[in-house]
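Please look first at the sequence and the model, and then read the report beside them.

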Number of protein chains: 2
Amino acid sequence: MDEKERAITPATDSGLALSRRGFLRAGAAAGAMAAGTGAALAEGTPDPLITEVQPWAQGWGDGVDATPYGLPIRFEGDVVRRNVGWLTADVISSINFTPIHALDGTITPAGCAFERHHSGAIELAKEDYRLMIHGLVDKPLVFTYADLERFPRVNRTYFLECAANTGMEWAGAQLNGAQFTHGMIHNMEYSGVTLRTLLEEAGVKPEGKWIYVEGADASSNGRSIPLEKALDDCLVAFKANGEALRKEHGYPVRLCVPGWEGNMWVKWLRRIEVTENAVESREETSKYTDTLEDGTSRKWTWVMDAKSVVTSPSPQAPIKHGKGPLVITGLAWSGRGAITAVDVSIDGGKTWTEARLAAPGQDKALTRFYLDIEWDGSEMFLQSRATDETGYVQPTKNQLREIRGENSVYHNNCIQTWWVKANGEAENVEVS
Amino acid sequence: MDEKERAITPATDSGLALSRRGFLRAGAAAGAMAAGTGAALAEGTPDPLITEVQPWAQGWGDGVDATPYGLPIRFEGDVVRRNVGWLTADVISSINFTPIHALDGTITPAGCAFERHHSGAIELAKEDYRLMIHGLVDKPLVFTYADLERFPRVNRTYFLECAANTGMEWAGAQLNGAQFTHGMIHNMEYSGVTLRTLLEEAGVKPEGKWIYVEGADASSNGRSIPLEKALDDCLVAFKANGEALRKEHGYPVRLCVPGWEGNMWVKWLRRIEVTENAVESREETSKYTDTLEDGTSRKWTWVMDAKSVVTSPSPQAPIKHGKGPLVITGLAWSGRGAITAVDVSIDGGKTWTEARLAAPGQDKALTRFYLDIEWDGSEMFLQSRATDETGYVQPTKNQLREIRGENSVYHNNCIQTWWVKANGEAENVEVS
């Protein structure tokens, strides 16, 4: 991020105090209204679902032999990854978005977690896996999968976000749904060996300042990473959310580059070369650079800056009840550390109310936020705005455009707006 | 837990200082040995997996249309839940164990997470779901699923352990594998509404001291819970690890009773009655009580005391490499709060070394521990011993037997022993 962007001043919070009082009143009333909803059922016509013994209480359900490895129940068949046909030339070098509009909490289940391949998801058995560390090292090394399992292991939960997440929004509100605008992201608990451990094993020579990492797939997806980051918090991970990485997430071994763009988290990791300079490969020159307003491009914008999105209500998760208590929820994250606050606006950024974080922000991991309001049934222009531990505040789309114009692709961390109509449906819109 | 058990004195740590020094030396050497393993490959005969372009780098892998909802890669086909045929009369009222020997980290993926049913896993759609709160309340209420979604939500990560976990060990070392001795457990991030919120909505009358909870399945699995616990940290959960609960875990709504035996975490939650006294149902009298040495039984032993197990190496996860660096890892947990320490012994409890916790212990959630040693290739009697924030230390099997004999079923939180042989294979054994 450059200095100009760093210096963007967030919209004034002048309306906040008034708004906050309003929301606190609403919060206090929320319980009572929800009780009204429940009570109406209890007090009205007897509900056969309560008063009569239902079919599912009259016989056996599935035995434990039904699913050695289970899948979601059939009613959740729409909580799946989705791709967008027109976005890429084919399905091989393409993107599958996480259904964040339908999830809660912070952990992304592997089965519906974002995937992006440059030449498809390859099948690579542990026995066939090798990792080579070479270049400016004292001792070039080749590790088998079994070798890696013998090094001290760590566990860390991190988000992975594609640099192109929200990239279609530069030119205006495009895709209608949080899954599509913000679903190039996932958040998992990784187990693996620190990259530092392996690099120290090989012994980095004093002239080594970068590493160049490659995957075992046809694209190889080579990226340069400064040695300082490599020795800081990068992981060579075998497991995600407790189990082996999925095929589409780099089985058996991927790199984790916490807080940095997902493309650098090389999957099917096969080679780490210690170099004096960046390689400046295709994936870090013609791709994954940021076109600016003046037509020039800037490179090496690796960090994913603070960002957030309301996941519900949203275009794929409309309000289906009337006015009254409404849970507004979403996700926030920062590649520079922990999220410290998320503000929510229902009037397109004129006034803001601080949301409740479900847990204190964790370093470079997703944070869930909630705001419980009393919805009056009128339209809302719903926004969220994240602040991270560096004090940086998520900018508006227009603030970003002043610097980068409308032709950029990557690193769009703008405030998102959902126009929630009186009927509860929501649309992706822009507010000026 | 009674006072006698509470007063059990852990084995002396007299050997610890010496052992710890030994382990620290081993730890320092571990890197070098692992390097030796890797270097041998690099320096020996060229490895075609490194020097030749492999088939998976010569074509396309799977496109993003392959798996809207993905499953593990086929090579991981043995990382599945398993049941034990002879343990229960049928597969309907039975148990499916988590493959903890093959997992790492702390999150249990839903697909292979422990399940236990009393009349099978039922299919209950959100539209058909109702939750009634009645009895000693100001206002009986019936909630639909949509009603529940309008209350303020929380996220919490908790372990669920069946009271019968490790129950087969009372009579001696039985099942050969951590999955079977300790796999009636899982650990997930839940999203839902606190039970307190819903009870306050209904308004508990002063004479209400207990709740009685039931599921919508044929067994109903009714259990009494003291009101104090109900108002403390219980959750009415809709989601686990981000997504809707799986069918086998109580879709669409289950109760979470953090730190207390899994049977109380009623699935397909349909009814909460506020009562003056415990109902003393079948599930809390003839079942889920503890037979003691003198033939009497004690009831209401809800809390799962501090416990741990080495998951690798273990009978299902033998050591496949020779002597040298070895990662010993496992899980620890306590229903009374956070784990503060885990000690590991390789000599059957004579000497102990403090393991490294992958992250500070969390309240009533699984904690991963690691101990990195230099294995000399000789047999080990591997044990782990957890300490929780109350200062309680996990007891030996014999210490528990002195109080409860060998005919108990539930609440066996004894120290587990794996006999790891010189060839790397491991067996479930007892040490006296």
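The report below treats the contact between the chains, their symmetry and some salt bridges.

## The interface between the chains

This is a predicted model, in which 107 residues of chain A are in contact with 107 residues of chain B. Between them, chain A and chain B bury about 9300 Å², and 58% of this area is on carbon and sulfur atoms. W56(A), V64(A) and R150(A) supply 10% of the area that chain A buries against chain B, which is more than any other three residues supply.

Polar contacts also cross this interface, where 48 residue pairs are counted between chain A and chain B. On the side of chain A that touches chain B, the largest share, ten residues, comes from helix α2 (residues 16–43) of chain A. The residues of that side of chain A divide into 48 nonpolar, 26 polar and 33 charged.

## Symmetry of the two copies

Chain A is superposed on chain B by a rotation of 180° with 0.0 Å of shift along its axis, and the RMSD is 0.0 Å. The two copies are therefore related as by a two-fold rotation axis. Of the residues of chain A, P109(A) comes closest to the rotation axis, its C-alpha being at 3.7 Å. The same surface serves both copies, since 100% of the contact residues of chain A recur in chain B.

## Salt bridges between chains

Over all chains the count comes to 58 salt bridges, and ten are found across the interface of chain A and chain B. In one of these bridges D47(B) pairs with R130(A), with the closest N and O atoms 2.5 Å apart.

E76(A) forms a salt bridge with K126(B), and here the closest N and O atoms are 3.2 Å apart. This pair crosses from the loop between α3 (48–51) and β1 (95–96) of chain A, where E76(A) lies, to the loop between β2 (115–116) and β3 (130–135) of chain B, where K126(B) lies. E76(A) counts as buried because its relative accessibility is 12%, whereas K126(B), at 22%, counts as partly exposed.

## A salt bridge within chain B

R368(B) forms a salt bridge with D104(B), the closest N and O atoms being 3.4 Å apart. R368(B) lies in strand β20 (residues 367–375) of chain B and D104(B) in the loop between β1 (95–96) and β2 of chain B, so the pair ties together parts that are 264 residues apart in sequence. Both partners are buried: R368(B) has a relative accessible area of 2%, and D104(B) has one of 3%.

Technical notes
Residues are numbered from 1 along each chain as its sequence is written. Chains are lettered from A and ligands numbered from 1 in the order in which they are written. This is a predicted model: local features need pLDDT of at least 70, side-chain atom pairs count only at pLDDT 80 or more; totals for chains, interfaces and linings use all residues. Side-chain values use heavy atoms; hydrogens and water are left out. Contact means heavy atoms within 4.5 Å. Buried area is the accessible area (1.4 Å probe) that two parts lose on being put together, summed over both. A salt bridge is a side-chain nitrogen of Lys or Arg within 4 Å of a carboxyl oxygen of Asp or Glu. A polar contact is a pair of N or O atoms within 3.5 Å; within protein, one must be able to donate a hydrogen and the other to accept it, and residues adjacent in sequence count only if both atoms are side-chain atoms. Helices (H or I, at least four residues) and strands (E, at least two) are DSSP runs, numbered from the N terminus. Ala, Val, Leu, Ile, Met, Phe, Trp, Tyr, Cys and Pro count as nonpolar, Asp, Glu, Lys and Arg as charged, and the others, Gly among them, as polar. Copies are superposed by least squares on the C-alpha atoms of residues with pLDDT of at least 70 in both. Buried means under 20% relative accessible area, exposed over 50%, partly exposed in between (1.4 Å probe, protein chains only).
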